[in-house]
Amino acid sequence: MITYNPKDWWKLIFAFHRSDSFRVLLPGMIGLALYTALIAYIENDYLHVTFKNTTMVHSLVGFVLSMMLIFRTNTAYDRWWEGRKLWGSFVNNSRNLALKLQAFLPAEAREERAMFRDLIGNFIYAAKEHLRQGVKTEKLVETGSYTADWYAKGGHVPNQVLKGLYTEINRLYMNQTITGDHLIVINAELQSFADNLGACERIKRTPIPYAYSLFLKKIIFIYVFTMPIGFVLDYKYWAVPVVTFVFYAFAAIEVIAEEIEDPFGLEANDLPLDAITDTIRGNVRDILEG
Amino acid sequence: MITYNPKDWWKLIFAFHRSDSFRVLLPGMIGLALYTALIAYIENDYLHVTFKNTTMVHSLVGFVLSMMLIFRTNTAYDRWWEGRKLWGSFVNNSRNLALKLQAFLPAEAREERAMFRDLIGNFIYAAKEHLRQGVKTEKLVETGSYTADWYAKGGHVPNQVLKGLYTEINRLYMNQTITGDHLIVINAELQSFADNLGACERIKRTPIPYAYSLFLKKIIFIYVFTMPIGFVLDYKYWAVPVVTFVFYAFAAIEVIAEEIEDPFGLEANDLPLDAITDTIRGNVRDILEG
Amino acid sequence: MITYNPKDWWKLIFAFHRSDSFRVLLPGMIGLALYTALIAYIENDYLHVTFKNTTMVHSLVGFVLSMMLIFRTNTAYDRWWEGRKLWGSFVNNSRNLALKLQAFLPAEAREERAMFRDLIGNFIYAAKEHLRQGVKTEKLVETGSYTADWYAKGGHVPNQVLKGLYTEINRLYMNQTITGDHLIVINAELQSFADNLGACERIKRTPIPYAYSLFLKKIIFIYVFTMPIGFVLDYKYWAVPVVTFVFYAFAAIEVIAEEIEDPFGLEANDLPLDAITDTIRGNVRDILEG
Amino acid sequence: MITYNPKDWWKLIFAFHRSDSFRVLLPGMIGLALYTALIAYIENDYLHVTFKNTTMVHSLVGFVLSMMLIFRTNTAYDRWWEGRKLWGSFVNNSRNLALKLQAFLPAEAREERAMFRDLIGNFIYAAKEHLRQGVKTEKLVETGSYTADWYAKGGHVPNQVLKGLYTEINRLYMNQTITGDHLIVINAELQSFADNLGACERIKRTPIPYAYSLFLKKIIFIYVFTMPIGFVLDYKYWAVPVVTFVFYAFAAIEVIAEEIEDPFGLEANDLPLDAITDTIRGNVRDILEG
Amino acid sequence: MITYNPKDWWKLIFAFHRSDSFRVLLPGMIGLALYTALIAYIENDYLHVTFKNTTMVHSLVGFVLSMMLIFRTNTAYDRWWEGRKLWGSFVNNSRNLALKLQAFLPAEAREERAMFRDLIGNFIYAAKEHLRQGVKTEKLVETGSYTADWYAKGGHVPNQVLKGLYTEINRLYMNQTITGDHLIVINAELQSFADNLGACERIKRTPIPYAYSLFLKKIIFIYVFTMPIGFVLDYKYWAVPVVTFVFYAFAAIEVIAEEIEDPFGLEANDLPLDAITDTIRGNVRDILEG
């Protein structure tokens, strides 16, 4: 994620960032400009055609296309924002779990505190990597009987770490270090860990239905490539910037939606999972060692 | 569900997939093109009529029609996405239930672990088939006293499997293998199983109100079939592609909405329930045997 | 509720169902057509007026009117869909309650099972009738000490049945047939019964604020009755179908919204409460006797 | 709140209710009509100006203005509807609390039942008055040691009543009239009482951000007062009803939003809190004495 | 936050508040007016160009731009309103926690009551400052063993205070001043404290994706600076107020969204956190000492 000041208009207007949709679309815009210029030359200077232009149709279809693009934007943004909420929830759950363990464990249980600190950190780290290219278990902290080999056992690393957490909590309960009331109170966080992870996997694996993706790209394509046919009659070579601008306005919305739809990657607009993971580890360490 | 790369524009623009709305609407589009050509011939070459065209009215009604189509799209997509969330929740609940049982059951309770592994898998499989053509109980795994006959008893197979799960959990509680605190903690998942299944049934059985379906199809029909009357005066035979394009833009939105409204089927845009079911079974096996 | 195939376009386009908004609006459409024809005759053939037509104003106001109608549609649909969710929740709660009682009650408690089966069924039936014309308590199943007279005692029949359910559950708890853990687990469903019923009453008793209803009807009225004044100058007698079509498009949205806003009645687009009630009773019987 | 039949079109079209936005805006509409007539006279009959009219600009800005008004309507309606839900939740919580107490208290505890009946009723009454002009504690029912003086102690009357409720529940728990399981089950309703009250206070005290209120009123003002300048050239004196109608359409949406934004008052479109309070008291009395 | 009467139209129309978007945009509006006048002079009086104006294109793009601005407004407002809800939830949780402690603690536990009163107040104060410029721990109330130094220990002050609260609650539970049932009931509020704080941090740290901010500012810029080129041909020097007005309408929406997007600051439209903090402290003091 890029940190920026949303109030600095001039800087943003002339920004030309690597992942700016303006830059992504530049080749398409240049191609379209050449195509429009060609049509303008053929119709006006070569064929000298004269027929009523189609602006009314482009107006009509432009309307329904805009609305579908907004629908697209809403669905993509919802995933991005839900992803952000889920990772915010990871922050909260980790803190709450650490706070509860800190309060409920007897003062002398230093070892258990350290183990939980490591397991929580490992779970978050594994969740993050699992949503990206897969977890390298040798990067997880080894603690107690939980070794890199053990973590790699189940195939699904975050689940495996969670299994460790559940087992340790239940052990404390069975040997009466914590009470049944404590168990009930702690359960909320463990359950939420699994729920949040599952929700992240859902977002990652489910793009917008194929039919909408097809539909939008087809409509934008037909719309933009038929536009010069009528426009060059009225606007002559001025149609070149005009058509290019309209293309940019429509296509950029689709392009941004594609990028933020899967918010767990490493692209410029994706969520800052590395920073969040570090925050969580720091918080948990502060709380459980403090 | 089709796996695709949303960023591959050219491939999607020229895709002509079996369930692409473009292909579904092709017969209608060809028919409409012929009809428009006929009107163009009659009005321009035969009757030589001249009257003010109706583009303004089509503009006005086109607006309210577009908005209703977006409303339609939103309601259909909400069901699709809610359906996806419910199956994501099945994933989470299965994992949590398995994790809890793994932690709470004494290490030597291998048989119980195996039975729960089978019952959870059966429940998910039965839920999936129940939302499609109905469950064939002989495909369920037999485990303990739970046979194909027993599963078929109640009429509603997933409920029957759930009954088995509740009974087994309560048995563990009554013979004090698990404590009351454990029971309370485990209850959340069983309850959620039934809630999710009920929600899926609700989505499946409740299409958008009949009145909206009637209204939208009537308006699209009147809209598209009156369009050529005015358009052919201005655009001559160019009205043929113009009207066809407008029809595609409007009707495709309705057609896609119809398909994704019931997301549990086997159509191209439906949810990948088979894959999710396999994931769940794999996860539960990993956790309970690991 | 009407069961229909949303993909059967031709049938829906030419359907002329009792509750189709097209039929409901027919008298209004005929009246408006005559009015428009009259205006056309007066302005064109009698007064021979010529002034700039008002299509631009109708375009402008048509836009804000469309948006308010979509707002109206969204609020009405939300109530309909929330109503559907609430009754889906009744299904889930009934199932869960039955499953829990089946598992928690000792095998020999046949009488208690039968009583709960009857009380749950009675509650759902009473809730349904309460949302319609009021409950006839003689139609409720008498069970144990719960007679038609007893049900009629409190004035609010579903509450009275719920009181019976709470009393019975607490009796089981006090005589230790079920444990405190069981009580906590069962409480969720009883609580949800009352919450859902209250939410249904809220939907039933609270139409959209009076001011919006006034506003929309006034604007549609002024809009449609001023439309012919300008239109007949351009379109002559063609204004008759044009104005009628625009009226249909706008008024139908309002008319459908009025109908689905209170989804618990017996109109064609209302929810299938009778069928849902039967499903619930069947499910509960299957589970508690199986 | 006004009870009305949303299907009675004629009555609503010609209604001229005290709080109808049409009536509220009448002075403004008359003023604007005079202003438009004046402009028409000056431009057409006095200055004889001729310049291109600005309808295109009003079309463009009219669009974004309409969308902001719908945004405004959505936020206002959301508060109104959330307010309604909160009071629906008060109904549900009161019922559930009464039902639970009725079931959990021993049959002979008549005095306790009466006290809870009074305290619940007092809480709801105090919540309602607190959201209006402030609570007159002498109107609360005195019960046990809870006198008008005691209620007035804390400054925030509903909190004070809630304190009484919590204290009484805990007393029952400490002297073992109810068990710990009962306490956990009852806690949900008390907690929800405080949450709902807090949410009502939030709605009451937080109108839409000041910046939006300023923006909308400024835009409507500039929009409407510049409109006649161009319109009178085309429409002559017909511009008077036209401009007035456009003003009504826009301003009424803002005026209604202002009214329903704070739904707890005594205006015509506000929520029927008095009726709901009576319903709750009746329900609680039925349940706890029945 | 500014307290204002939303129904006082005249005052709001002519208000010229420090943070009014009209004032913020004034320099830009003046610059744009000069630029437009220059274009008008060059095109009309110097070059005497004549070409078809581009209003149609500005109409088309104006539409999709409006919709994106409304999307922007919705996302910004959602954060503002979620922020308000979170602080409303802080109010509710504090009250509930105080009410529960008041009821559950034995009458003689004056010291504990005082300590909880201070700790709750400290947590809310620390949360507020943490969302602004950071907490000065010397401003927190010292109570029991909790000194300014102790508060400053963990780096994240609100977490540290929460740690104190959890520790004290668990101490009461371990020495049996409160029961396990009490612990479960009290846990809800502590957990919610951490969840709400985390959600506030999420809102504060996550502005709308960078790509949207870039896109909107670029489109507004291109839109407004190309507008005069066509407009001055039709409107001559009248284009100056027209273009300025259109710029105001679009840019103000973006500017307001930027301001309310982070609602925890000290700007005019931000939430009244100081007042809410005082309310909470007052409420808690009333309840725990009353």
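This is a predicted model: local features need pLDDT of at least 70, side-chain atom pairs count only at pLDDT 80 or more; totals for chains, interfaces and linings use all residues.
Student: Which elements of chain A have the lowest and the highest mean pLDDT?

Tutor: The lowest mean belongs to helix 1 of chain A, residues 9-13, at 72. Helix 4 of chain A, residues 110-131, has the highest, at 93.

Student: Let's turn to chain A and chain B. How many residues does each give to the contact, and how much area do they bury?

Tutor: Chain A contributes 65 residues and chain B contributes 67 residues. Between them, the two chains bury about 6,100 Å², with 71% of that on carbon and sulfur atoms.

Student: How many salt bridges cross that interface, and which residues form them?

Tutor: The general idea is simple: side chains of opposite charge can pair when their charged atoms come close. Here the rule finds 1 salt bridge between chain A and chain B. A:Glu201 pairs with B:Arg95, at 2.8 Å from N to O.

Student: Which elements of chain A supply the side that touches chain B?

Tutor: Five names to find in the structure: helix 3 (55-104), helix 6 (157-174), helix 7 (180-205), helix 8 (210-235) and helix 9 (239-261) of chain A each give two or more residues. Helix 7 of chain A gives the most, with 14 residues. Sorted by class, the side of chain A that touches chain B holds 35 nonpolar, 15 polar and 15 charged residues.

Student: And what do chain B and chain C bury between them?

Tutor: Go through the steps again. Chain B and chain C bury about 6,100 Å², of which 71% lies on carbon and sulfur atoms. That contact draws 65 residues from chain B and 67 residues from chain C. One salt bridge is found across the interface of chain B and chain C, and B:Glu201 forms it with C:Arg95, the closest N and O atoms being 2.8 Å apart. There are also 16 residue pairs in polar contact between these chains, both at pLDDT 80 or more.

Student: How many salt bridges are there over all chains?

Tutor: The count comes to 64. One to inspect within chain A joins A:Glu258 and A:Lys217, whose closest N and O atoms lie 2.9 Å apart.

Student: Where in chain A do A:Glu258 and A:Lys217 sit?

Tutor: A:Glu258 is in helix 9 of chain A and A:Lys217 is in helix 8 of chain A. The two residues are 41 residues apart, so the pair links distant parts of the chain.

Note on methods: Residues are numbered from 1 along each chain as its sequence is written. Chains are lettered from A and ligands numbered from 1 in the order in which they are written. Side-chain values use heavy atoms; hydrogens and water are left out. Contact means heavy atoms within 4.5 Å. Buried area is the accessible area (1.4 Å probe) that two parts lose on being put together, summed over both. A salt bridge is a side-chain nitrogen of Lys or Arg within 4 Å of a carboxyl oxygen of Asp or Glu. Helices (H or I, at least four residues) and strands (E, at least two) are DSSP runs, numbered from the N terminus. Ala, Val, Leu, Ile, Met, Phe, Trp, Tyr, Cys and Pro count as nonpolar, Asp, Glu, Lys and Arg as charged, and the others, Gly among them, as polar. pLDDT is the predictor's confidence in each residue, from 0 to 100. A polar contact is a pair of N or O atoms within 3.5 Å; within protein, one must be able to donate a hydrogen and the other to accept it, and residues adjacent in sequence count only if both atoms are side-chain atoms.
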